[in-house]
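Subject: Structure handover

Hello,

Here is the structure I said I would pass on. Please open it next to this email as you read.

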Amino acid sequence: MEQILIFIEQHIEMFYFVILSVFVGVEVIGHVPAVLHTPLMSGANAIHGVVIVGAIHVMLNLQASNYILLILGTLAVLLGTLNVVGGFVVTDRMLEMFKKKN
Amino acid sequence: MNALNEICYLIASLTFIVGLRMMGNPKTARKGNLVAAGGMFLAILGTILFHQGPVKPIIYILIGIALVVGTVIGWYTAKKVAMTKMPELVSLFNGMGGACAALISLVEYPNLSGHSFGLIPVLAGLIIGSVSFSGSIIAFLKLNGTMNKAIRLPAYNVLNTAMMMIILVLGILAVAIPNFNSTPLVYGLLLLSLVYGIMFVIPIGGADMPVVISLLNSFTGLAAAFGGFLYDNKAMLTGGILVGSAGTLLTVIMCKAMNRSLSSVIFGAFGAKAEGVSGSASGGVVKDIQVSDLAVLMNYSKKVIIVPGYGLAVAQAQHVIHEIELLLESRGVEVKYAIHPVAGRMPGHMNVLLAESNVDYAKLSEMEEINPEFSSTDVVLVVGANDVVNPAAKTDPSSPIYGMPILDVENATHIVVNKRSMNAGYAGIDNELFFNTKTSMLFGDAKSVLTALVNELKSL
């Protein structure tokens, strides 16, 4: 029980963060026309690619001697990059089409 | 963590929020995407440049290789893929993000074995990331057409729930009893989660895939957020939670557009049970129409509404349809497009496809807006759409699409439906509309038939 309290205390700032971000997320999407749902989903998809930051962080703190972990870490960075780059480029391609006219 | 690094993350978080906000408006959407991309670049750069502590050169080299290879492949695929394949691609990239989160947890676990609560983000990232990965791959295969049928094991709901419970219990035990968690357990959890992801998506029919992808998208967001928890990283936390909550809301909005609840998508039967049931019931006479007659009919109409569906996109006929629109407009015919919220394979997908062929944004009307107009319309041309104009959604309570709002095309004076054959639509059900006395069928591949129509129109 005490451990739970300590955990919460240590991460209280994070909990605030989570709660506020949830509301921001809902607010931001709230009144979007159906036209933009697919690009928006794709854009959100690219943004969660921020997980790559974690992958790079993990790599920077690895011992160079553990080959298995090195391979897994490199793979993580590679997949994260695919998510980020592919995600943003695909979204841009979709949105490019809305711009032409006006 | 130093100040400069933190500032990078602060700016990145801000760009994610602002970028997503801007993406909600057609005028600023593209810029919004670039803003978010810029923030992401900064976050990645900051992580590498401002890292403190010794790092072996080999690690920098490996990171560099992964970044370059990932960028090249990601860029190339995203640029090359056809617009019709967009939903598959989003699903695939989403799976990559999930796998990335799961791998981070695998690599990080040895540093935290023996911890109790500190293990929560690691295990959560592992489980959610793996489910998102394997689920997205299945969704990709389904949209791709590689895996067409909804596969249902007997009592799959019970099986899936049981599997989820086992994963949860193992996870909780690993956190609560420090000696319980071990490397084999972590790999066991990985395997179970991967299998669960497959089992989760496999029974769901193809028509519901967009909803599933959106849901898995928010899962990956959640996995990224747990990574933020793990490293006390605000950019990961904001980005992840933002996508988690926005993605969930988007999922709910999509469900609403199809008039289905999320639980019926996940647990319900759709598309699989209906085949053959209503086949004979509606069996009537189908009338067909020649291209030349249609050209005359359209040419002397006052108002034409085009209902595009996925079939139009598959046939790559969006440019031809635009040409028809321009020709008719030049003859004084009013032309509009009626876009069902789930036309194509995803909400908004059809808009993207038509925009690609330069169709004016203002001509695309959403369902609520256009439905009252059908009664004053001379000709409705349905191209490659089926379920979204199926009156069974209104009249037949036993139909799997019953309750889904549809386009009221049957109110128009003439209905012309272009289809390749009399095969059932994506949901696998018959369409009474084809047997309506006002309906004429225009059989053939959308592109070749419409091209012929253009030529006929020109010669009039």
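Below is what was found in it, starting with the contact between the chains and ending with the spaces inside.

Please keep in mind that this is a predicted model.

**Where the two chains meet**

The contact is made by 103 residues from chain B and 82 residues from chain A. The size of an interface is often given as the accessible area lost when the parts come together. For chain B and chain A, that buried area is about 8600 Å², and 79% of it is on carbon and sulfur atoms.

Polar links are found here as well. The interface of chain B and chain A has two salt bridges. One of them joins the side chains of Arg30(B) and Asp92(A), with 2.9 Å from N to O. Across the interface of chain B and chain A there are also 11 residue pairs in polar contact, both residues being at pLDDT 80 or more.

On the side of chain B that touches chain A, seven helices of chain B give two or more residues each: helix 1 (3–22), helix 2 (29–49), helix 3 (57–80), helix 4 (86–112), helix 8 (209–231), helix 9 (234–257) and helix 14 (349–356). Sorted by class, this side of chain B has 67 nonpolar residues, 25 polar and 11 charged.

**The second largest pocket**

This pocket holds about 570 Å³ of space. Its lining has 22 residues, and those closest to the centre are Ile127(B), Ile128(B), Met164(B), Ile167(B) and Leu168(B). At least two lining residues come from each of helix 5 (119–144), helix 6 (156–176), helix 7 (183–201), helix 8 and helix 10 (262–267) of chain B. Helix 6 of chain B supplies the largest share, nine residues. By class, the lining of the second largest pocket has 18 nonpolar residues, four polar and no charged.

**The cavity**

How many cavities of 30 Å³ or more does a search of the whole structure find? The search finds one, and the volume of this largest cavity is about 60 Å³. Its lining includes Val51(A) from chain A, and among the residues from chain B are Ala101(B), Ile104(B), Pro121(B), Phe226(B) and Leu230(B). Helix 4, helix 5 and helix 8 of chain B each give two or more residues to this lining. Helix 8 of chain B gives the most, with four residues. The lining of the largest cavity divides into eight nonpolar residues, three polar and no charged.

Regards

Methods:
Residues numbered from 1 in each chain as written. Chains lettered and ligands numbered in written order. Predicted model: local features only at pLDDT ≥ 70, side-chain atom pairs only at ≥ 80, totals over all residues. Heavy atoms only, no water. Contact = heavy atoms within 4.5 Å. Buried area = accessible area lost by both parts, 1.4 Å probe. Salt bridge = Lys/Arg side-chain N within 4 Å of Asp/Glu carboxyl O. Polar contact = N/O pair within 3.5 Å; in protein donor to acceptor, adjacent residues only side chain to side chain. Nonpolar A, V, L, I, M, F, W, Y, C, P; charged D, E, K, R; others polar. 1 Å grid on protein atoms, 1.4 Å probe; cavity = no way out; pocket = protein on both sides within 12 Å on 5 of 7 lines; lining within 4 Å. Points joined across faces, edges and corners; volume = space filled by probe spheres on them.
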